[in-house]
Amino acid sequence: MRSMNEKTSRSKLERPPYETTVVVAMSGGVDSSVAAALLTEQGYRCIGVMMRLWSESAAGEGSGNKCCDEESVEDARRVSNQLGMPFYLINVERPFKENVVDLFIEGYSSGLTPNPCLACNRHIRFDYLLNYARRLGADFLATGHYARLRRQADGSVHLLRGVDMHKDQSYVLSVLGQAELRDLLFPVGEFAKEEVRQMAAARGLPIHSKHDSMDLCFVKDDDYRRFLSDWAADAMTVGEIVDVEGNVLGEHEGLPNYTVGQRRGLGLSGTAAPMYVVALEPSRNQLIVGPSESLGRSELTAANVNWTSGRPVPRGSRVQCQTRYSGKPLDCRVYPREDGSVQVAFEEPARGISPGQGAVFYDGPLCLGGGLIERRDPGEDPAAAEMSPTHRVSLN
């Protein structure tokens, strides 16, 4: 069997596994269950912990969150019992609502397209839950994420993409710093998803064929537009659809119903070319559209950037930037600034960049960190002023 991770913190894993306590974040799914199985087989003292998260149906009915519905809780409990682990279910509904759901609603209401998994990992899984594990006296928190860790001789930890590029989750782990990475384990990151399912079946785990959970776990019917119409009704105000030159083409049904790059559902006809959402302008309640070529951007600004190493890369570094969870990493130059933001200049125009999404930086498989894409006005080109003549590339 391949190693779960390279050698971890000297002060912890130089001890034999039976003296090392690991809290395993259980979801009732395949990945966390196999992570727990691998660790218990290696002799670690494991404790299963599952979080009860907020959902729309939480009031008076127990949580209906798809990540922790009653079936998932029972699956996690059964796996924990089968592996001989204690199992705890903790209530995290309030911090999840405040730090994930409310930010999701506020983001869409402000014309952004937020990624709730980034917020959940930053505030809940690797803050609230990690600190809960520490209070239990655990040495590590393990999760079923598809990512890898590499401990360095100086004690630092590198975050790498998972072996299975189709399941790689390093994008949503880009919020982690050294203080978190040193206390984490990602046991399934060295395997492909199909291997993980095979390991679950071989061990007789009852969840080996269970479907993966959805990202918007708190939306009961998977319809985020319906969710926003219920929870952000004030933002669902009819406004103008205008092209990139300011010509009024029609009316939109509320900015939260649209995302950058969207083509269908605009209600436009008679235009010379197919129109796509180029930008959302909440200050004027306008939806800006344009032809396909209008989607290309040669730069962006990312704010509140976290560097997984704890320090920014040198200005002008050539790296790759991924602007969506399932997006293609694109070659670019990055220019960190003193205020914690980063100017990014792409070597070729990038399409469908949405403010509020993560801009995550890579050097090959190494995840360097990331921040949130800021809004900009059409035609604005802040990266050009930041770049030295040596590193300047052709910008549109």
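## Close-up views of a predicted model

**View 1. Asp102 and Lys97 meet in a salt bridge.** The closest N and O atoms of this pair are 2.6 Å apart. A salt bridge is a side-chain nitrogen of Lys or Arg within 4 Å of a carboxyl oxygen of Asp or Glu. Asp102 has a relative accessible area of 21%, so Asp102 is partly exposed. Buried means under 20% relative accessible area, exposed over 50%, and partly exposed in between (1.4 Å probe, protein chains only). This is a predicted model: local features need pLDDT of at least 70, side-chain atom pairs count only at pLDDT 80 or more, and totals for chains, interfaces and linings use all residues. Residues are numbered from 1 along each chain as its sequence is written, and side-chain values use heavy atoms, with hydrogens and water left out.

**View 2. Asp139 and Arg15 form a salt bridge.** The N to O distance is 2.8 Å. Asp139 lies in the loop between helix H5 (116–135) and strand S4 (140–142), and Arg15 in the loop between helix H1 (10–13) and strand S1 (21–25), so the pair ties together parts that are 124 residues apart in sequence. Helices (H or I, at least four residues) and strands (E, at least two) are DSSP runs, numbered from the N terminus. Asp139 is buried at 14% relative accessibility. Arg15 is partly exposed at 27%.

**View 3. Glu70 pairs with Arg52 in a salt bridge.** Their closest N and O atoms are 3.4 Å apart. Glu70 sits in helix H3 (residues 70–83) and Arg52 in strand S2 (residues 45–52), so the pair ties together parts that are 18 residues apart in sequence. Glu70 is partly exposed, at 44% relative accessibility. Arg52 is buried, at 14%. The whole structure holds 16 salt bridges. A network of them links Glu56, Asp221, Arg226 and Asp230.

View 4. A search of the whole structure finds 10 aromatic pairs. In the pair of Tyr108 and Tyr224, the rings are tilted, at 5.3 Å centre to centre and 35 degrees between the planes. Tyr108 is in helix H4 (residues 93–109) and Tyr224 in helix H8 (residues 224–231), 116 residues apart. Both Tyr108 and Tyr224 are buried. Rings of Phe, Tyr and Trp (its six-membered ring) pair if their centres lie within 6.5 Å; planes under 30 degrees apart count as stacked, over 60 as edge-to-face and the rest as tilted. Ring pairs join Tyr108 and Tyr224 into a cluster with others, including Trp54, Phe96 and Phe218.

**View 5. Charges lie over the faces of two rings, Trp54 and Tyr362.** Lys97 lies 5.5 Å from the ring centre of Trp54. Arg161 lies 3.6 Å from the ring centre of Tyr362. A charge sits over a ring if NZ of Lys or CZ of Arg is within 6 Å of the ring centre and within 35 degrees of the ring normal.

**View 6. Val22 belongs to the largest nonpolar core.** This core has 80 residues. Val22, Val34 and Phe96 are among those with the most contacts inside it. Helix H5 gives the largest share, 9 residues. A nonpolar core is a set of buried Ala, Val, Leu, Ile, Met, Phe, Trp, Tyr and Cys residues joined through side-chain atoms within 4.5 Å. A second, separate core of 18 residues includes Val319, Val342, Ala359 and Ile373.
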